[in-house]
Amino acid sequence: MAPRVGSSGLCSWFSNLTLSRVGSQQSRTVTTKRHGRRQRDPFAIAQARQRKAANISRQRELSQQRTEAFGDPVASEKTPMIEAMLNPSLYPTLGSKGVHVPPDNEQSSYVNYCISKSELAFALETSKQLTRPVPPIDGSVVDPQQVEDAIKKHEEDHKNAEEAVRRILAMKNGSTRNRTKLNIKRSIDILGRHNTDRVLPPKPAAAGQDPASLEPSAKRPRAGPDTGSPEVQVAILTSKILVLAEQLKTTSHKDKHNKRRLRLFVHRRQKLLSYLRRKERGGPRWQNLMQTLGLSDAAWKGEITLR
């Protein structure tokens, strides 16, 4: 049988329990007051806000630096090739040290309608010879002064006609379609493998592959200019992307047709760049293409989203 507890024992037990509860409640109240006092301290609040603002500012700076280092999937850096695409009067050439733009007096440039300067000079000289005054066939006597005046007038007329033809064929007066044709011609001349094979070394050989099989001399010679390689197609798409990007800067935000075309061109170029990087194993041909067109990793890496 359990021992009986007296009334005095119960009172002492209840008093101890009550005191312990009161003490715990008082300690909780003091802790809550201290916590609230610390939360309401204006100096501590200002310090916390300052630390938070500094962290957010630093995160924004780091995010902006990462974005700038990653590049723009649409825009390209200013290179001789890009400047020539934007300025139709320039025509870059491929040398042993890369792509460069020669001076105006040394350029074998093209004029409007994809007519070369040599073809234009030949046509003007032929027209000059065909329109030159001819002495009479019947052998009649002609005044030498009249012959000299006719020749002088012919020279002046030919000079005026030549100036008019050059103004008509100037690229600054060309349409967007003619500029696109000229950019395609530039891309084939600069990045076509019929020219770059003589300058660039072959790609690295794979495991178990003979390096001699990668030499241009070991391959079948080309029948004509290279127009279908990934480098040429990427350059052509880049020229179209530049034209659309410049046009969208001045047009309305509702130009959804050109926005869709720009998006299609950018993603098509991304696929070609990914294929070329995988095929060339990041070799000289890949590096030459990226440096010539001023493209960054954003043009081929990751997901591209245009707004």
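**Note on the predicted model**

1. The protein has 13 salt bridges, a salt bridge being a side-chain nitrogen of Lys or Arg within 4 Å of a carboxyl oxygen of Asp or Glu. The model is predicted: local features need pLDDT of at least 70, side-chain atom pairs count only at pLDDT 80 or more, and totals for chains, interfaces and linings use all residues. Residues are numbered from 1 along each chain as its sequence is written, and side-chain values use heavy atoms, with hydrogens and water left out.

2. There are 10 helices and four strands; helices (H or I, at least four residues) and strands (E, at least two) are DSSP runs, numbered from the N terminus. Along the sequence the pattern reads α-α-α-β-β-β-β-α-α-α-α-α-α-α.

3. Of the 307 residues, 28% are buried. Buried means under 20% relative accessible area, exposed over 50%, and partly exposed in between (1.4 Å probe, protein chains only).

4. Arg 285 and Glu 231 form a salt bridge, with their closest N and O atoms 3.5 Å apart. Since Arg 285 lies in helix α10 and Glu 231 in helix α8, the pair ties together parts 54 residues apart in sequence. Both residues are buried.

5. Two salt bridges lie within single helices. In helix α6 (residues 176–191), Asp 189 and Lys 185 are four residues apart, about one helical turn; their salt bridge is 4.0 Å, N to O. Asp 189 is partly exposed at 22% relative accessibility, and Lys 185 is partly exposed at 30%. In helix α8, Lys 249 and Glu 246 are three residues apart, again about one helical turn, and their closest N and O atoms are 3.5 Å apart. Lys 249 is exposed at 63%, while Glu 246 is partly exposed at 42%. Elsewhere, salt bridges with shared partners join Arg 193, Asp 197, Glu 231, Glu 280 and Arg 285 into one network.

6. Helix α8 (residues 230–250) also holds Ser 239, which is buried, with a relative accessible area of 3%. Neighbours within four places in sequence aside, Ser 239 is in contact with Met 85 and Asn 183; contact means heavy atoms within 4.5 Å.

7. There is one aromatic pair. Rings of Phe, Tyr and Trp (its six-membered ring) pair if their centres lie within 6.5 Å; planes under 30 degrees apart count as stacked, over 60 as edge-to-face and the rest as tilted. Both Trp 286 and Trp 300 are buried.
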